[in-house]
Amino acid sequence: MRFFEYESRQIVKAAGIPVSAHGFARTPEEARKIAEEINAPVVIKSQVLTGGRMKAGGVRFADTPDEAAKEAEFVLGLEINGHMPRGVLVDSKVNVKQEFYAGVVWDGIRKQPVMLFSDMGGIDIEEVAETHPDRVGRGHFSNLTEVSDYEAKQVIASIGVTGSALTRATPILARLARLFVRHDMTLAEINPLAMLDDGRFVAVDAHMDMENEARGRQQTILKALGVGDEETRQAREATPFELAGEEVDAQDHRGVAGNVTEFDGNLGLVIGAGGGSLTLFDAVRAHGGKPANYCEIGGNPSVSKACGLAKLVLQKPGVEKIAVMMSIVSNTRVDIVARGVIKACLELGHDPAEKIAIFRIPGAWEDEGFKILEKYGVEYCDRSVSMHEAARRAVEKIQGVAA
Amino acid sequence: MSILIDADTTFIVQGITGREAVNLTRECLDYGAGAKVVGGVTPGRKGREVHGVPVFDTVDQAVAHHGRPIVGSVVTVPPAFTKDAVFEAIENGIKLVVIVTERIPRRDVAQMVELAALRGARIIGPNCLGIMVPDVVKMGGIGGPARDAAKAYSPGPIGV
């Protein structure tokens, strides 16, 4: 889950990292008051979960409290990438001598967190890493011991930073690493970390993502920030199609018809299980197919759940056929899934043999399942046909029709 | 063909009194040559039995009862407690930990993996149904009951 910038700034401040004077405002009047308190030129920043604020005009400058109110009013009404702001951050405009970058991310291969530091802040760190790799310091740290300051010091010194910049930046990076661990973050970034004229460092922006699986044990900080349990905080809101998918899954506890994700192709996918779905989705694309969706069926879903999901996918605009495929399953009844998808076709007035491009689910009760498919003339294959081959046949079937 | 386990591999089941663990314990005992499930651990349930397997409060009690090091463990403990159970296994000499549990926070997984590397132990998982040597032995629910597993898996020269 993602935090808004104003929340990330609070988290960073609570960890002992200096931040520029700022306030969160939901109305132009609140913005004016904050600007008065700051008593200096300010930056009005839209608080949305998506990126691209600057480009979209969601970052404005104001020299007086009156201007702050005016700019706040404008930004509060500005939609950015489909998101309306929850409020604005009124941030003091600091005199920046140099912009740095400080961040902590997970290295999924080494399975350790890694500190990152650069003296080229204010721009996309990935770009810097590519064009100026010698200006990005990296340091992995152990999961089993608390981060020691010297580990951060090494990272910063490795790009040539020395003097008071080194001694001032060190505790900041170390505290960022500790808060990353303490709060189960997947990303913790301060960009830019501004060095002021007098040499002090101050966080002028902050971006934090927390792992969803850890929300249960991070209730203290979430409640302190006022984050509700129901807030998903994803960068992209679920589409109506996806929400409908969640409803199908929630209708009973038998098995799973989940992770319904919307795409825009013509081949609907009723696929499982987790690993199987990923493999099958990739296989469809590798053969030039255009998936209309992704999903994961598994466990032992009821006929009505299988039917509900198949119907949802069949009714998606642009879907011409569905492919029903899984890896070999020992705990999903083939006949139940067959019954469910055929029922979906019939109830929508379609011929199952025409609508189902391929059925490939080998496993429990497969003989019974195959009998049902044969009765309706649905093309199916057994475990002797690989998932990749089944996906290829599905794509060939649908593109044959299109041609 | 055995790579990680064989008919003589001793192992415990942590969380053995849970529903899924009771099932997989039965399956492991039934499959192939019959697995050497030498104990189970559920805190507070010492003295019970699951399909004839003695239950202990701690891993070190299971090891003491067995009289020599135990090779493996199948862990079916809920995500909030999995790290603790895996640490307990590793620090009591277990070298092969099969973690069935899913949805464990990333940091916990990273800590388990790092400790295992330090102690020369191996983790299979998490979110894993287990490992098996066809017709010989299995650790975990993989394949289901013996007769279903027999249909799905047959011996061969390649470990997957």
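# Reading a predicted two-chain model

Guide: Asp148(B) is partly exposed, with a relative accessible area of 25%. This value, like those that follow, comes from a predicted model.

Visitor: How is that 25% to be read?

Guide: The scale has two cut-offs: under 20% is buried and over 50% is exposed, with partly exposed in between. Asp148(B), at 25%, therefore falls in the middle class. Its salt-bridge partner is Arg147(B), with the closest N and O atoms 3.8 Å apart. Arg147(B) counts as exposed because its relative accessibility is 64%.

Visitor: What is the general idea of a salt bridge, and how many are there over all chains?

Guide: Side chains of opposite charge can pair when their charged atoms come close. Over all chains, the rule counts 38 salt bridges. One of them joins Asp209(A) to Arg2(A), where the closest N and O atoms are 3.7 Å apart. Those two residues are 207 apart in the chain: Asp209(A) sits in strand β10 (residues 207–210), and Arg2(A) in the segment before α1 (5–14).

Visitor: Is Asp209(A) buried or exposed?

Guide: Asp209(A) counts as buried, with 14% relative accessibility. Arg2(A), in contrast, is partly exposed at 21%.

Visitor: Which residue forms a salt bridge with Glu7(A), and where does it lie?

Guide: The partner of Glu7(A) is Arg233(A), and their closest N and O atoms are 2.8 Å apart. Arg233(A) is in the loop between α7 (219–225) and α8 (240–250) of chain A, while Glu7(A) is in helix α1, so the bridge ties together parts 226 residues apart in sequence. Both ends are buried: Arg233(A) has 4% relative accessibility, and Glu7(A) has 0%.

Visitor: Which residues are linked in a network of salt bridges?

Guide: A network of salt bridges links Glu5(A), Arg9(A), Lys45(A), Arg53(A), Asp91(A) and Asp205(A).

Visitor: Now the nonpolar side. How many residues are in the largest nonpolar core?

Guide: The largest nonpolar core has 53 residues. Among those with the most contacts inside this core are Leu267(A), Val324(A) and Phe359(A). Helix α11 (residues 334–347) of chain A gives the most to this core, namely 7 residues. A second, separate core has 45 residues, including Ile11(A) and Leu176(A).

Visitor: Where is Val324(A) found, and what is it in contact with?

Guide: Val324(A) belongs to strand β14 (residues 321–326) of chain A. Its relative accessibility is 0%, so Val324(A) counts as buried. Setting aside neighbours within four places in sequence, Val324(A) is in contact with Val270(A), Val337(A), Ile358(A) and Phe359(A), among others. Phe359(A), counted in the same way, is in contact with Val324(A), Val334(A), Val341(A) and Leu373(A), among others.

Visitor: What do the totals for chain A come to?

Guide: Chain A has 14 helices and 15 strands. Of its 403 residues, 53% count as buried. The C-alpha trace of chain A spans about 80 × 45 × 45 Å along its principal axes. Among contacts in chain A between residues at least 6 apart in sequence, 68% join residues at least 24 apart.

Visitor: Which element of chain B holds Thr25(B), and what does Thr25(B) touch?

Guide: Thr25(B) lies in helix α1 (residues 19–30) of chain B. With 0% relative accessibility, Thr25(B) counts as buried. Not counting residues up to four places away in sequence, Thr25(B) touches Val13(B), Ile16(B), Val37(B), Val50(B), His51(B) and Val53(B).

Visitor: What area is buried between chain A and chain B?

Guide: The size of an interface is often given as the accessible area lost when the parts come together. Between chain A and chain B that area is about 1400 Å², and carbon and sulfur atoms give 53% of it. Leu144(A), Glu213(A) and Arg217(A) supply 36% of the area that chain A buries against chain B, more than any other three residues. The contact takes 17 residues from chain A and 16 residues from chain B.

Visitor: How many salt bridges and polar contacts cross between the two chains?

Guide: The rule finds 3 salt bridges across the interface of chain A and chain B. Arg107(B) forms a salt bridge with Asp184(A), and the closest N and O atoms are 3.1 Å apart. Between the two chains, 10 residue pairs are in polar contact. By class, the side of chain A that touches chain B has 4 nonpolar, 6 polar and 7 charged residues.

Notes: Residues numbered from 1 in each chain as written. Chains lettered and ligands numbered in written order. Predicted model: local features only at pLDDT ≥ 70, side-chain atom pairs only at ≥ 80, totals over all residues. Heavy atoms only, no water. Core = buried A, V, L, I, M, F, W, Y, C linked by side-chain atoms within 4.5 Å. Buried < 20%, exposed > 50% of the residue type's maximum accessible area, 1.4 Å probe, protein only. Helix = DSSP H or I, 4+ residues; strand = E, 2+ residues; numbered from the N terminus. Contact = heavy atoms within 4.5 Å. Buried area = accessible area lost by both parts, 1.4 Å probe. Salt bridge = Lys/Arg side-chain N within 4 Å of Asp/Glu carboxyl O. Polar contact = N/O pair within 3.5 Å; in protein donor to acceptor, adjacent residues only side chain to side chain. Nonpolar A, V, L, I, M, F, W, Y, C, P; charged D, E, K, R; others polar.
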